[in-house]
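The following note sets out points for a colleague who is reading the model alongside its sequence.

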Amino acid sequence: MARVLTPGQPPGTQVADTCVELLHLEMVDYVLHCKAHEGAKEPIYLTLENMGFEVGHRLMERLTRNRSCFPDTLELMKFLCKEFWTECFRKSVDSLMTNKKGIFQFRDSNFRWLRRVSPSTVFPAISARASGSGDVAMLTPHVRSAADYLIFPAGLIRGALYAMGVQAVVEPILGTLPECTFHITVKSSAP
């Protein structure tokens with residue numbers, strides 16, 4: 001998605017990595033702030049995830065246009081871990097795990113888009129007891145905000161998979177910053 005500007009590159013074809021990282025942070029903050037008055041968090045997350053889905057779908061189509069079909073889902077996941085992840089985040093996934101039954105995990109111990117997230121840029125969290133509902137997680141403000149920044153990348157992965165005919169559920173799991181894991185459950189794949 002973004003490459004470092006280097007001498008000799010045609011002007012206007014590359015974007016600095018820092019610009020993409022900061023654009024992502026601002027995009028998430030903008031969507032959270034603008035939709036916050038509506039009250040429900042679900043539409044906010046849905047907006048971010050759909051934005052990531054569109055970008056992931058288009059990027060995957062571009063990356064695979066001169067490539068033959070993947071023989072199976074595992075090969076597709078390997079491609080995502082190496083080529084797609086490198087295009088988006090300038091490094092490959094640290095580990096890919098699978099149970100060979102349609103469940104995969106991508107683990108990135110230094111996720112690029114979480115490195116700039118700090119406690120001073122977060123929204124306050126509401127505990128489950130204070131809100132009166134049992135479905136709001138009791139998270140610290142730091143962790144709760146960092147999880148918001150993983151919704152767009154989860155959409156990226158889901159969109160990339162959908163471009164290759166695979167329907168999946170992607171669940172981002174936040175570790176110790178900047179570590180994260182994406183848990184992918186494949187629903188169905190094209191024959």
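1. Salt bridges overall. The structure holds 7 salt bridges, a salt bridge being a side-chain nitrogen of Lys or Arg within 4 Å of a carboxyl oxygen of Asp or Glu. This is a predicted model, in which local features need pLDDT of at least 70 and side-chain atom pairs count only at pLDDT 80 or more, while totals for chains, interfaces and linings use all residues. Residues are numbered from 1 along each chain as its sequence is written, and side-chain values use heavy atoms, with hydrogens and water left out.

2. The R158 and E49 pair. In one of the salt bridges, R158 meets E49, with the closest N and O atoms 2.5 Å apart. R158 belongs to helix 6 (residues 151-163) and E49 to helix 2 (residues 42-64), so the pair ties together parts that are 109 residues apart in sequence. Helices (H or I, at least four residues) and strands (E, at least two) are DSSP runs, numbered from the N terminus. R158 is partly exposed at 22% relative accessibility, whereas E49 is buried at 16%. Buried means under 20% relative accessible area, exposed over 50%, and partly exposed in between, with a 1.4 Å probe and protein chains only.

3. The E54 and R58 pair. A salt bridge also links the side chains of E54 and R58, at 3.9 Å from N to O. These two residues of helix 2 are 4 residues apart, which places about one helical turn between them. An α-helix has 3.6 residues a turn, so residues three or four places apart point the same way. E54 is partly exposed, with 39% relative accessibility, and R58 is exposed, with a relative accessible area of 58%.

4. The E179 and R107 pair. E179 forms a salt bridge with R107, and their closest N and O atoms are 3.6 Å apart. E179 sits in the loop between strand 3 (166-174) and strand 4 (180-189), and R107 in strand 2 (residues 103-108), so the pair ties together parts that are 72 residues apart in sequence. Both partners are partly exposed: E179 has a relative accessible area of 25%, and R107 has 28% relative accessibility.

5. E87 in helix 3. Is E87 buried or exposed? E87 is buried, at a relative accessible area of 10%, and it is found in helix 3 (residues 73-89). Its side chain is joined to that of R62 by a polar contact of 3.0 Å. A polar contact is a pair of N or O atoms within 3.5 Å; within protein, one must be able to donate a hydrogen and the other to accept it, and residues adjacent in sequence count only if both atoms are side-chain atoms.

6. Geometry and cover of helix 6. At 1.5 Å a residue, the 13 residues of helix 6 should span 18 Å, and the end C-alpha atoms are 18 Å apart, which agrees; the expected span is 1.5 Å times one less than the number of residues. Helix 6 is mostly covered, with 10 of its 13 residues buried. Among them are I151, F152, L156, I157 and L161. After helix 6 comes G165, whose phi is positive, near 85 degrees.

7. The nonpolar core. The largest nonpolar core has 44 residues, and those with the most contacts inside it are F106, F111, L161, F182 and I184. Such a core is a set of buried Ala, Val, Leu, Ile, Met, Phe, Trp, Tyr and Cys residues joined through side-chain atoms within 4.5 Å. Helix 3 gives the most to this core, with 9 residues. Leaving aside neighbours within four places in sequence, F111 is in contact (heavy atoms within 4.5 Å) with W85, F89, L150, P153, P178, C180 and F182.

8. Cysteines. A search of the whole structure finds 0 disulfides, a disulfide being a pair of cysteine sulfur atoms within 2.5 Å. C88 is buried at 4% relative accessibility, and C180 is buried at 0%.

9. The chain as a whole. The chain contains 6 helices and 4 strands, in the sequence pattern α-α-α-β-β-α-α-α-β-β. Of its 191 residues, 35% are buried. Among contacts between residues at least 6 apart in sequence, 58% join residues at least 24 apart.
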